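Let's take a walk through this one together. Have a look at the model first, and then we'll go through it piece by piece.

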Amino acid sequence: MPPKNNKGGVNAKGSSAKQEDLTKTQTVYERAQAVYDLTRPPYDKEREELGGLHNLSTVEKTAYANWFCTAPEEYSYLPKKAQKELWKQVNESNRPLRRGQIDKPRPDQWGRDKNGRNIGDYTVQQYEQRIETQAQLTCVKALGRSFASKRLFASKGLVDSSTGEKYTLTEEDIKAEKERRKEMAALTRALYGVKMGPYSSDPEWDDVVPIPQMEPEGALAAIAYPEDYDEAMSYLRAVMAAKEYSPRCLKLTEHVISMNPAHYTVWLYRFANIQHLDMPLLDELEWLNEVALDYLKNYQIWHHRQLLLDHYYPTIADTPDEVKRFARSERAFVMQMFAEDAKNYHVWSYRQYLTRKLGMWENEAHGELDSLEGMIDDDVRNNSAWSHRFFLVFSNPRYATPDSHATEPDPQVPADIIDREVAYAQAKIALAPQNQSPWNYLRGVLVKGGRKLGSVQVFVEQYVDNLGDAEKEQVRSSHALEHLADIYEEAGDKEKADLCWKRLGEKWDRIRLGYWEWKRRSMKAASS
Amino acid sequence: MATTDNRTTDNLVDEEVVSQMADYSTRGSRLPIDVLYTSEPPIVDPLVTTTSKAQDQTIDQCLPLLRAADSNLEYNANGVPRLHRERHIKYLETTLGNLPAAFVGADASRPWCMYWALNALSLLGADVSKFRENLIATAAHMQNKTGGFGGGFGQTSHLATTYATVLSLVIVGGESAYEVIDRRAMWKWLSSLKQPNGGFQMSLGGEVDVRGAYCAAVIISLLNIPLSLSSDSPASAAGLDDLYTGLASYVQRCQTFEGGISAKPDAEAHGAYAFCALGCLSILDAPHRIIPRTLNVPRLISWLSSRQYAPEGGFSGRTNKLVDGCYSHWVGACWPLIQASLGTPSKPAQNSGPQSESTPEFVSFYDREGLIRYIMTCGQDHSSKGGMRDKPSHRSDAYHTCYVLSGLTSAQHVVSAVLAEDEYVANTTWKVSPYSDPQLFDEQDRLNPTDPVYAIPQKKREEVMTYFLSKPGF
């Protein structure tokens with residue numbers, strides 16, 4: 001049914017209302033739709049809404065059809081009379097006669113912005129801003145292209161025909177370009193959400209074609225890389241593939257390490273750069289100290305430090321004072337690390353390396369033994385410190401047999417040193433007898449010295465009273481009892497040894513029952 | 001057979017003895033749990049140091065769980081909670097999926113993530129074949145033309161990531177997975193890592209340690225890599241014969257005065273390196289020949305045995321360090337190799353005299369009950385997240401899930417080695433079967449067995465070896 005309001009109700013008012021719509025239009029799509037509506041044949045909108053021409057009233061149909069006839073190419077075919085009649089009808093219909101060459105707008109024809117928002121839903125004002133930003137980006141890009149040409153011409157030594165001078169690239173030019181890149185990055189990001197990272201927006205990296213990760217589809221344990229990391233890694237792969245070693249590569253490795261210090265590839269590549277550039281050692285160490293303190297658990301740092309030392313040691317090897325000074329400063333740093341974690345395995349391994357490399361064996365010269373004693377005084381249960389002491393004492397090249405195995409006697413170690421170490425271990429055991437570290441140490445010392453375990457029997461026995469006596473048995477250290485068993489076994493006193501193991505399994509160290517029982521069985525088997 | 005492990009037997013069989021030993025009257029638990037696992041050790045020194053404070057804190061966080069006093073948990077009649085199998089599977093599958101940006105620190109260890117998850121899933125009996133195609137694509141992407149696998153695309157090849165990738169491919173199995181590996185390039189690369197001192201560098205310019213020795217031996221033996229050194233290798237120039245030359249003596253130099261094994265000579269004995277050392281040696285030759293020849297076994301056993309603490313029941317990695325669930329594997333998996341090292345070809349490699357096939361049980365060197373208690377109570381993340389952990393105060397992660405479960409399976413199964421009499425046969429046949437006596441845990445919580453040397457399903461290990469045995473060259 002044709003709507004009632006179409007019957008002669010259309011007048012000049014309608015036209016002015018449409019004008020108003022246009023100015024009040026909220027979104028880009030609505031504005032386009034309004035403009036389109038204004039340029040359609042009269043009643044075309046109604047025809048569309050009502051589902052076809054047949055639903056229009058006669059007047060409406062006429063107005064609609066007449067619009068087509070007013071087109072110049074159609075109109076010229078009409079006889080004069082018909083022309084006159086046409087204009088009469090057009091005037092009577094009181095509908096504006098607009099004609100535009102525009103297609104019906106689609107709501108999605110402007111595409112979407114970086115946030116996935118339909119640009120057709122932008123307000124006109126927002127849209128105009130966007131157009132302006134796009135124009136800005138175009139300008140900046142054009143200036144950037146002119147910079148690139150200038151750089152190319154300068155590199156080829158070409159002459160500017162307008163001035164007669166050679167093209168030169170000044171610091172100012174580069175600075176301006178860097179500023180432009182920043183602007184470009186900001187504009188690109190604002191418009192398209194595409195982030196231009198620090199590398200793609202730095203003219204210094206223009207010559208590098210990044211190698212992106214290109215993860216296969218469905219890759220396992222794939223990480224959603226942060227943009228910065230992703231970009232830096234793409235450039236890193238590219239310079240590594242090109243075997244480039246340069247200050248900028250060094251900076252790049254620093255950047256990647258700050259984001260992922262466990263990246264062994266970057267560390268190895270960083271060292272290769274340092275080698276090629278012959279970087280000053282102290283600068284690198286200073287930087288490394290900070291990284292190490294930031295990432296206490298990281299171990300790549302310590303291998304890197306070792307590589308650095310191997311590389312630089314020859315330059316100081318002939319100056320003993322220099323070596324000593326360096327040893328002191330390295331130990332100071334190592335101690336700083338131990339203040340955070342006194343048992344850090346990789347830091348201790350580095351200390352062992354340092355001791356060998358810099359020959360820090362003698363306490364008079366290096367104070368290494370004193371430093372260790374300080375650590376053991378802080379925590380007598382720090383087994384790493386005990387382990388290092390064993391290494392320091394029994395690998396000293398002044399007397400120790402080279403390559404003597406840790407579990408074998410070394411007749412070259414002087415007796416007074418064995419005496420000193422036995423006394424040291426015993427003094428520490430006295431502080432806390434249930435502490436296994438000095439017990440293990442004591443045994444290790446006796447083995448090195450080729451001494452019988454029984455040589456400390458009196459000392460050990462003071463921690464075990466009335467063994468086997470249900471009422472009076474007192475054991476102040478299960479480790480003493482274990483030693484005692486071995487002392488008895490060594491002396492051939494099997495019954496006593498067996499009793500020690502039995503009591504260990506029954507009461508004093510029950511969790512190791514399986515082991516004590518194995519010891520008992522093994523001794524029996526050996527004697528049968 | 002003289003059963004000497006009285007505690008375990010009593011606990012499971014003799015209610016009377018158990019009720020005498022349990023201190024439930026003071027602890028509020030009605031379950032028959034031995035005091036060994038519920039109270040402080042009999043000797044504690046009064047001296048307080050950083051180490052003793054940390055140890056006390058650890059005991060404090062473990063005891064409520066060990067005493068079955070955590071009201072949020074359901075315990076069985078032995079005071080052991082169930083294994084949250086479905087949750088662990090779900091958690092592991094998550095770690096194989098897309099990881100958020102916070103995982104960027106794992107960018108160089110993605111092959112590890114793959115191995116940990118796939119191996120743990122296999123132990124839990126989950127289907128890993130669905131990951132095959134994606135694993136193949138991922139691994140191929142990480143392989144370098146110059147041999148080996150890096151931690152990711154464009155990363156330098158590394159022995160640890162190569163080890164993890166190769167094992168992952170073996171776990172999913174099948175020719176298409178095996179054929180991803182460029183064996184000729186691998187051989188050249190391994191040759192270039194071989195050091196004049198017998199050890200292996202982890203990567204070109206990387207560190208040399210016992211991990212390298214183990215990873216290299218695993219890769220070489222699984223893939224049947226020819227042992228001869230490529231002529232351009234520095235080790236060849238130094239006069240070494242082949243990839244295995246001097247490897248055992250490198251491992252030997254890592255044994256310390258404490259009896260344990262360190263990462264490299266001069267360093268401190270550490271549980272993870274003990275397993276690497278024993279695993280490496282067991283690949284080079286039959287354990288009963290090479291281990292006593294290379295290491296001081298009595299000292300090693302004493303040190304290994306000291307790794308287990310009470311009341312926690314778990315293993316620590318070093319003297320005076322704390323228990324950590326991951327050593328359930330690193331230390332726990334040493335025991336079958338130690339057992340084998342004590343055997344002789346004429347007798348089964350067991351420590352308690354001749355055994356008949358029908359009664360394969362023998363006394364364990366360590367306290368299996370303690371370890372199982374620690375794993376089930378303290379080593380599991382009991383929240384909906386799932387996964388296994390270091391200790392109750394720590395969050396679960398893929399690394400711990402893999403190694404805590406590996407430790408659990410080794411505590412649930414008895415391993416015996418059929419030792420080769422022939423001096424020239426290095427391969428040892430390992431028989432892994434469930435302990436059949438009554439167990440602490442519910443039978444449905446028994447995991448699949450694992451290979452004692454390669455830490456992957458035994459069948460998968462056999463399949464890949466059979467496959468590459470037919471390819472003596474490249």
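How many residues does the contact take from chain B, and how many from chain A? Chain B puts in 74 residues and chain A puts in 66. Keep in mind as you look around that this is a predicted model. For the complex, the predictor gives an ipTM of 0.91 and a pTM of 0.83.

Let's stay with the side of chain B that touches chain A. Five helices of chain B each supply at least two residues to that side: α4 (50–66), α5 (85–96), α6 (110–123), α7 (132–142) and α16 (297–305). The one that gives the most is α7(B), with 5 residues. Sorted by class, this side of chain B has 32 polar, 28 nonpolar and 14 charged residues.

You'll spot R512(A) in the loop between α23 (494–508) and α24 (513–527) of chain A. Is R512(A) buried or exposed? R512(A) has 27 other C-beta atoms within 10 Å, so it counts as buried; the cut-off for that is 20 or more. Setting aside neighbours within four places in sequence, R512(A) is in contact with L504(A), and also with S305(B) and Q308(B) of chain B.

Next, the inside. The largest nonpolar core has 233 residues, and those with the most contacts inside it are A213(B), A277(B) and C280(B). From chain A, this core draws at least three residues from each of domain 3 (226–279) and domain 4 (458–528). There's also a second, separate core of 5 residues, which includes Y43(A), L56(A), A63(A) and W67(A). Back in the largest core, zoom in on A213(B). Not counting residues up to four places away in sequence, A213(B) touches G199(B), F200(B), L247(B), Y250(B), V251(B), C276(B) and C280(B).

Step back and take in chain B as a whole. Chain B has 21 helices and 2 strands, and 60% of its 474 residues are buried. Among the contacts in chain B with a separation of 6 or more, 68% are between residues 24 or more positions apart.

Finally, how confident is the predictor about chain B? Chain B averages a pLDDT of 89, with 88% of the residues scoring at least 70. Two stretches call for caution: pLDDT stays under 50 over residues 1–29 of chain B, and it also stays under 50 over residues 346–361 of chain B.

Key
Residues numbered from 1 in each chain as written. Chains lettered and ligands numbered in written order. Predicted model: local features only at pLDDT ≥ 70, side-chain atom pairs only at ≥ 80, totals over all residues. Core = buried A, V, L, I, M, F, W, Y, C linked by C-beta atoms within 7 Å. Buried ≥ 20, exposed ≤ 12 C-beta atoms within 10 Å, placed from the backbone. Domains from an automatic or database assignment. Contact = placed C-beta atoms within 7 Å. Helix = DSSP H or I, 4+ residues; strand = E, 2+ residues; numbered from the N terminus. Nonpolar A, V, L, I, M, F, W, Y, C, P; charged D, E, K, R; others polar. pLDDT = per-residue confidence, 0-100.
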